[in-house]
Amino acid sequence: MTFQQITLDLLEGLGQNLQLFLLTLVFALPLGLIITFGSMSKFAPLKYLTKTFVWIIRGSPLMLQLFVVFYVPGLVFGIPMKSRMLAATIAFVINYACYFSEIYRGGIESIPNGQYEAGQVLGLTKTQTFFRVVLMQVVKRIIAPMGNEFLTLVKDTSLARVIAVSEIIMAAERFTARGLIWPLFYTAVYFLAFCGILTLLFGWIEKKFSYYR
Amino acid sequence: MAILEVKNLHKNFGKTQVLKGIDFELEKGQVMSIIGSSGSGKTTLLRCVAQLETADSGSIKVDGSTIFDSNSSQKLTADEKMKNQLKTGLVFQSFNLFPQYNVLENVTLAMKLQAKRRADYKENKKEILAEIDLKAKALIAKMGLSDKLGNYPCELSGGQQQRVSIVRAMALEPSILFFDEPTSALDPELTGEVLKVIRELAEENMTMVIVTHEMDFAREVSDNIIFMDNGVIAESGSADDLINNPQTDRLKAFLSKIGK
């Protein structure tokens, strides 16, 4: 068992983390916006239904949600979840979309009313005002909290091992079972590198948006 | 014919009556100032006419179109509402420029979105957009801001920002331009440049309604002044008359309080 082989094995595990990370972002970022519109809706039933949903998802452990998504289809509907990665992706997308939705909501509500009014008196429709005037300002304001969420997501992807997605920590545990403990600690290097790249990326994005206040 | 007709306008916020029956008319090409202490309802009146607030009763006619009539059961379509909205322009106290767009983009954004509704937009897209840029640049040049075309609002002084917001409203060619305390958010040394622009617009016979605390300016630039007090028009008349010969005690008290 050479160092090089362990490094490569762990890297293969990290591939699973990376896949889950990207899939979660691709679906949770837009889904979060839809949930935001629901929780900001003037139609009370939709608003409270959405808020209850967000409460349930944010109020229960992601680990538990992973179990639910993986086992409940088989137990209740008799349709066993075939792919572990699919189950993990569904659970992560729903969970993160709810957190994103609250960040979006905070960002949207922080935009001064005058921006909407300016849009209105200039004859912009509500949709145009949102997408052409407000959204870019929201993006700028939520960069920092979104950076937090992205980093948390990187590390949370390891939770997928509870439904046996063979991500990096699970890969390391296979060595532990054979009496090698250090690969488990070695995984930290991968997480640090992953998060380091993201931190740099967010710094760059923040700089890109610094041309206006 | 009057270009703006407001009849028996009422507006409540909850149980507070803010407007208690406002009637006035404004002729095309005239400038009217609305004065009064804070809480008198002048900004609410402006916001009702500019369609940012919906009045509770009464009627408002702008340039021949009824934009609000509590006695009519006819619902306006989105298209009619949009047309009505574009009949009036509004310059805000706090500018409300779009921070992520530069000066030129701030002025052209609404024009370009409006142009999309034109039947020949797809065919002549390039020409139409170039035309809009040209028109906007000419207006910006008139305000003396040609060297700021590519600057963002945060790089401009308050006076410059307010001038950009005036261009932005003017660019859509409204029938009436409203100003909500256009210099109240500015340092005293910056109010001059904004007032100068409004004065120039008055000389070009732009129809304007200005809510202001600048009494000397109001007297100089306006044809008529309305004095509002506690949700009603307490006194109105020609600018000189109203300020030099106030009839009501309330106006006398108001003018003496602000040192006139």
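A salt bridge is a side-chain nitrogen of Lys or Arg within 4 Å of a carboxyl oxygen of Asp or Glu. The exercises below apply to a predicted model.

**Exercise 1. Determine which parts of chain B are tied together by the pair B:Glu181 and B:Lys42.**

Step 1. The side chains of B:Glu181 and B:Lys42 form a salt bridge, with an N to O distance of 4.0 Å.

Step 2. B:Glu181 belongs to the loop between β7 (176–180) and α6 (188–203) of chain B, whereas B:Lys42 belongs to helix α1 of chain B; the pair therefore ties together parts that are 139 residues apart in sequence.

Step 3. Buried means under 20% relative accessible area. B:Glu181 has a relative accessible area of 11%, so this residue is buried. B:Lys42 has 3% relative accessibility and therefore also counts as buried.

**Exercise 2. State where B:Arg47 and A:Glu117 lie, and explain why their pair joins two chains.**

Step 1. A salt bridge of 2.6 Å, N to O, brings together the side chains of B:Arg47 and A:Glu117.

Step 2. Helix α1 (residues 42–49) of chain B holds B:Arg47, and helix α5 (residues 113–121) of chain A holds A:Glu117, so the pair joins two chains.

Step 3. Both B:Arg47 and A:Glu117 are buried.

**Exercise 3. Locate the salt bridge partners B:Asp133 and B:Lys112, and decide whether each is buried, partly exposed or exposed.**

Step 1. The closest N and O atoms of B:Asp133 and B:Lys112 are 3.2 Å apart, and the two residues form a salt bridge.

Step 2. B:Asp133 is in helix α4 (residues 125–142) of chain B and B:Lys112 is in helix α3 (residues 103–115) of chain B; the pair links distant parts of the chain, 21 residues apart.

Step 3. Partly exposed residues fall between the cut-offs of under 20% for buried and over 50% for exposed. With a relative accessible area of 22%, B:Asp133 is therefore partly exposed. B:Lys112, at 23% relative accessibility, therefore counts as partly exposed as well.

**Exercise 4. Examine the charged residue B:Lys87 and identify the nearest side chain of opposite charge.**

Step 1. B:Lys87 is placed in helix α2 (residues 78–87) of chain B.

Step 2. The nearest side chain of opposite charge is that of B:Asp63, 4.1 Å away. A salt bridge requires the atoms to be within 4 Å. B:Lys87 is buried and has no salt bridge.

Step 3. Beyond its neighbours within four places in sequence, B:Lys87 is in contact with residues including B:Val62, B:Asp63 and B:Pro174.

**Exercise 5. Describe helix α3 of chain A and find the residue at its kink.**

Step 1. Helix α3 (residues 62–77) of chain A has 16 residues; from first C-alpha to last, this helix reaches 22 Å, close to the 22 Å expected at 1.5 Å a residue.

Step 2. The kink, of about 45°, lies at A:Tyr71, shortly before the proline A:Pro73. Apart from neighbours within four places in sequence, A:Pro73 is in contact with A:Val68, A:Gly78, A:Ile79 and A:Met81.

Step 3. Among the buried residues of this helix are A:Leu62, A:Leu66 and A:Phe70. The cover over its buried residues includes α2 (44–59), α4 (84–109) and α6 (126–156) of chain A.

Step 4. Just after the helix, A:Gly78 takes a positive phi of about 70°.

How values were computed
Residues numbered from 1 in each chain as written. Chains lettered and ligands numbered in written order. Predicted model: local features only at pLDDT ≥ 70, side-chain atom pairs only at ≥ 80, totals over all residues. Heavy atoms only, no water. Helix = DSSP H or I, 4+ residues; strand = E, 2+ residues; numbered from the N terminus. Expected span 1.5 Å × (residues − 1). Bend = angle between axes of the 7 residues up to and from the residue. Buried < 20%, exposed > 50% of the residue type's maximum accessible area, 1.4 Å probe, protein only. Contact = heavy atoms within 4.5 Å. Lys, Arg positive; Asp, Glu negative; His and termini not counted.
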